[in-house]
Amino acid sequence: MKNYIIAGSTDVGRTRQNNEDSMITFECRNGHVVAVCDGMGGENGGETASNLAVAIIQDILTNNPFDTAGQAITTACHAAN
């Protein structure tokens with residue numbers, strides 16, 4: 001078994017006052033997942049959208065079996081979009 005150290009950091013940048021990006025890491029039957037979703041740079045609801053996207057990705061990958069990693073990623077990304 002391999003051990004991994006996973007760290008994340010985002011930056012609000014020079015023009016925004018709050019950071020709308022979201023990230024998550026979790027284990028599921030398909031493996032270890034790290035997801036980062038962009039908050040859309042100040043668009044209305046950007047923070048809500050990125051939070052919802054990571055929640056949907058986690059839900060899809062945790063509650064559904066997939067035959068391949070590609071199938072898992074494609075399904076989760078389509079659902080989050």
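Q: Given that helices (H or I, at least four residues) and strands (E, at least two) are DSSP runs numbered from the N terminus, in which helix is A55 found?
A: This is a predicted model, in which local features need pLDDT of at least 70, side-chain atom pairs count only at pLDDT 80 or more, and totals for chains, interfaces and linings use all residues. Residues are numbered from 1 along each chain as its sequence is written, and side-chain values use heavy atoms, with hydrogens and water left out. On that basis, A55 is placed in helix α1.

Q: In what pattern do the elements of the protein follow one another along the sequence?
A: The secondary structure of the protein amounts to two helices and two strands. Taken in sequence order, these elements give the pattern β-β-α-α.

Q: In which element is the confidence of the protein highest?
A: The predictor's confidence in each residue, from 0 to 100, is the pLDDT, and its mean over the protein is 86, with 95% of the residues reaching 70 or more. Among the elements, β2 has the lowest confidence, at a mean of 89, whereas the highest, at 94, belongs to α2.

Q: Is A72 buried or exposed?
A: A72 belongs to helix α2, and, leaving out residues up to four places away in sequence, A72 touches N30, L61 and F66 (contact means heavy atoms within 4.5 Å). These partners are specific to A72. Because its relative accessible area is 5%, and the class limits are under 20% for buried, over 50% for exposed and in between for partly exposed (1.4 Å probe, protein chains only), A72 is buried.

Q: How far from A72 does Q58 lie in space, C-alpha to C-alpha?
A: The two residues are 14 residues apart in sequence. Between their C-alpha atoms, the separation of A72 and Q58 is 11 Å.

Q: Which residues does V54 touch, not counting residues up to four places away in sequence?
A: V54 has its place in helix α1 and counts as buried because its relative accessible area is 8%. Its C-alpha atom is separated by 17 Å from that of R29, 25 residues apart along the chain. The residues that V54 touches are S22, M23, I24, A35 and C37.

Q: What is the separation of the C-alpha atoms of A55 and M23?
A: A55 is partly exposed, since its relative accessible area is 40%. M23 and A55 are 32 residues apart along the chain, and their C-alpha atoms are separated by 9.5 Å.

Q: With which residues is D21 in contact, leaving aside its neighbours within four places in sequence?
A: D21 sits in the segment before β1 (22–28) and counts as partly exposed because its relative accessibility is 28%. The C-alpha atoms of D21 and D11, 10 residues apart along the chain, are separated by 8.6 Å. The contacts of D21 are with T10, C37, D38, G39 and S50.

Q: What percentage of the contacts with a separation of 6 or more lies between residues 24 or more positions apart?
A: Of the 81 residues in the protein, 23% are buried. Among contacts in the protein with a separation of 6 or more, the part that joins residues 24 or more positions apart is 41%.
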